[in-house]
Amino acid sequence: MHRNRYWRTGSGLRLDAVRNQERIVVAAAGAFSELGAEVTLEEVARRAGVGVATVYRRFRNRDQLVRAVVAHVLTAEIEPVAEIETDDPWCDLAATLDASVAAVAAHSEVVALAHAAGAIDVDVVDRYLQRLERVLTRARAAGLVRPELEPRDLAVAVMMVLATVRKVDRDGCGDEGGGWRRYL
């Protein structure tokens, strides 16, 4: 039974290493969101239930960890919504944009850290724009949006809407009713 933890994945990492990496990234996302930029890698390790050496083995520095958290937010919170294809391309597009604003707003500390450190990975941005292109193409084909609308236009709209999102307080209150959705 113990040998299962040593099986390798397609990425070449052992299964236990993949699990640890995911635990570290999820713990870091929570820690950055709760405590902001002052979070230490030791705190991330504690929350993930691993040793700090494990964190450093997976991520050589804080910027790499921040980059991984940004990618995780895209993969876990935006891509699943963008992959849903219903018979209503407008609803699919709106749901993707809604998920985008909600995810970035929920992880604003991480995004700020990534921006300040220059850790916004071009590959992550390209992946996001590809997801937008997919839902936008369907909406264009259905005649629901202007033909010249591009994914970058939608990304800019998401950024403008983010400027209207009020900071959520520690009790989870704030922006009751999702006032930003009106602008979206």
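Visitor: What makes the pairing of Arg138 with Asp92 a salt bridge?

Guide: This is a predicted model, and in it the closest N and O atoms of Arg138 and Asp92 are 2.5 Å apart. The cut-off for a salt bridge is 4 Å, so the pair qualifies. Arg138 belongs to helix 7 and Asp92 to helix 5, so the bridge ties together parts that are 46 residues apart in sequence.

Visitor: Why is Asp92 called buried?

Guide: Its relative accessibility is 4%, and buried means under 20%; Asp92 therefore counts as buried. Arg138, its partner in the salt bridge, has a relative accessible area of 19% and is therefore buried as well.

Visitor: How do you know that the length of helix 5 agrees with its number of residues?

Guide: Helix 5 has 18 residues, which at 1.5 Å a residue should span 26 Å. Its end C-alpha atoms are 26 Å apart, so the two values agree.

Visitor: What caps the N-terminal end of helix 5?

Guide: Asp88 does, with a side-chain oxygen 3.1 Å from the backbone nitrogen of Trp90. Polar contacts are counted within 3.5 Å, so this distance meets the limit.

Visitor: Against which helices do the buried residues of helix 5 pack?

Guide: They pack against helix 4, helix 7, helix 8 and helix 9. Among these buried residues are Leu93, Thr96 and Leu97. Leu93 touches Val135, Leu136, Ala139, Val145 and Leu154, with residues up to four places away in sequence not counted.

Visitor: Which residues have the most contacts inside the largest nonpolar core?

Guide: They are Ile24, Phe32, Leu65, Val69, Leu93, Tyr128 and Leu132, in a core of 46 residues. Helix 4 gives the most to this core, with 9 residues.

Visitor: Why does Arg131 count as buried?

Guide: Its relative accessibility is 19%, and the limit is under 20%, so Arg131 counts as buried. Arg131 is found in helix 7, and a polar contact of 3.3 Å joins its side chain to that of Glu79. Beyond its neighbours within four places in sequence, Arg131 is in contact with Glu79, Ala82 and Glu83.

Visitor: What makes Glu34 and Arg47 a salt bridge?

Guide: Their closest N and O atoms are 3.2 Å apart, and the limit is 4 Å, so the pair qualifies. Glu34 lies in helix 1 and Arg47 in helix 2, so the bridge ties together parts 13 residues apart in sequence. Glu34, at 43% relative accessibility, counts as partly exposed, and so does Arg47, at 29%.

Visitor: How many salt bridges does the whole structure have?

Guide: The search finds 12.

Terms used
Residues numbered from 1 in each chain as written. Predicted model: local features only at pLDDT ≥ 70, side-chain atom pairs only at ≥ 80, totals over all residues. Heavy atoms only, no water. Core = buried A, V, L, I, M, F, W, Y, C linked by side-chain atoms within 4.5 Å. Buried < 20%, exposed > 50% of the residue type's maximum accessible area, 1.4 Å probe, protein only. Helix = DSSP H or I, 4+ residues; strand = E, 2+ residues; numbered from the N terminus. Contact = heavy atoms within 4.5 Å. Expected span 1.5 Å × (residues − 1). Polar contact = N/O pair within 3.5 Å; in protein donor to acceptor, adjacent residues only side chain to side chain. Salt bridge = Lys/Arg side-chain N within 4 Å of Asp/Glu carboxyl O.
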